[in-house]
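Some labels in a structure description rest on a cut-off.

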Amino acid sequence: MKKLVSALLLIMCCFGCKGIKVGEKEGIVSSIDTKRDFMNFNTIQKNHSIYNEKTLTALPSWPEEYKLHGDLRQWEKVVYKGEELVGAIWMSKSGKLKVDGYPYDQFVLVIDGKVKLQPEGQEEKIYFPGDVFFVPKNYAGTWDMPTDYKELIVVERKAWDAFGE
């Protein structure tokens with residue numbers, strides 16, 4: 001975990017949230033993935049329309065007991081898979097989920113839409129495009145996306161692999 005926090009701090013501080021190295025062969029579906037050099041977070045945000053229902057992989061539906069309302073279809077694409085970290089674009093149609101026991105710590109950069117998180121017993125927090133936040137392992141509360149929503153997530157590789165992503 002210490003390595004994950006250090007890596008995220010390096011990304012946020014040293015690169016000023018401007019870049020991550022593209023890894024393995026999961027590249028992104030655009031001209032920016034073919035260079036295999038540093039990828040700019042701002043480029044991902046600016047060109048987010050290339051990440052859509054056609055270029056991302058559809059994920060299984062949420063279990064009914066998690067759905068409070070809305071469409072909630074979801075898609076994902078791994079854009080980086082290194083020894084320590086995994087980065088992925090995740091997209092969802094609007095809706096609200098009840099989350100109990102989130103499977104891993106997650107660093108999130110909001111790309112499009114907005115999300116309202118309300119941890120159990122705490123105030124609601126709202127995040128917009130460009131905002132960065134952490135979702136802790138075992139998070140319990142609601143995850144509300146009033147409009148279609150897209151994010152870049154960074155997760156520890158061991159946790160990602162253990163969860164079966």
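The model discussed here is predicted.

Q: Why is Ala140 called buried?
A: The relative accessible area of Ala140 is 16%. Buried means under 20%, and therefore Ala140, at 16%, is called buried.

Q: Where does Ala140 lie, and in which strand?
A: Ala140 belongs to strand 12, which covers residues 140-145.

Q: How far apart are the C-alpha atoms of Ala140 and Lys98?
A: They are separated by 7.7 Å, while the two residues are 42 apart along the chain.

Q: How do you know that strand 9 and strand 12 pair?
A: Pairing takes at least two bridges between two strands. Strand 9 and strand 12 are joined by four bridges, so they pair. The two run antiparallel, and Leu117 stands opposite Trp143 in strand 12.

Q: What makes strand 9 and strand 10 a pair?
A: Three bridges join them. The requirement is at least two, so strand 9 and strand 10 pair as well. They run antiparallel, with Lys116 opposite Ile126 in strand 10.

Q: Why is strand 9 described as mostly covered?
A: Four of the five residues in strand 9 (residues 115-119) are buried, which means that each of these four has under 20% relative accessible area.

Definitions and conventions
Residues are numbered from 1 along each chain as its sequence is written. This is a predicted model: local features need pLDDT of at least 70, side-chain atom pairs count only at pLDDT 80 or more; totals for chains, interfaces and linings use all residues. Side-chain values use heavy atoms; hydrogens and water are left out. Buried means under 20% relative accessible area, exposed over 50%, partly exposed in between (1.4 Å probe, protein chains only).
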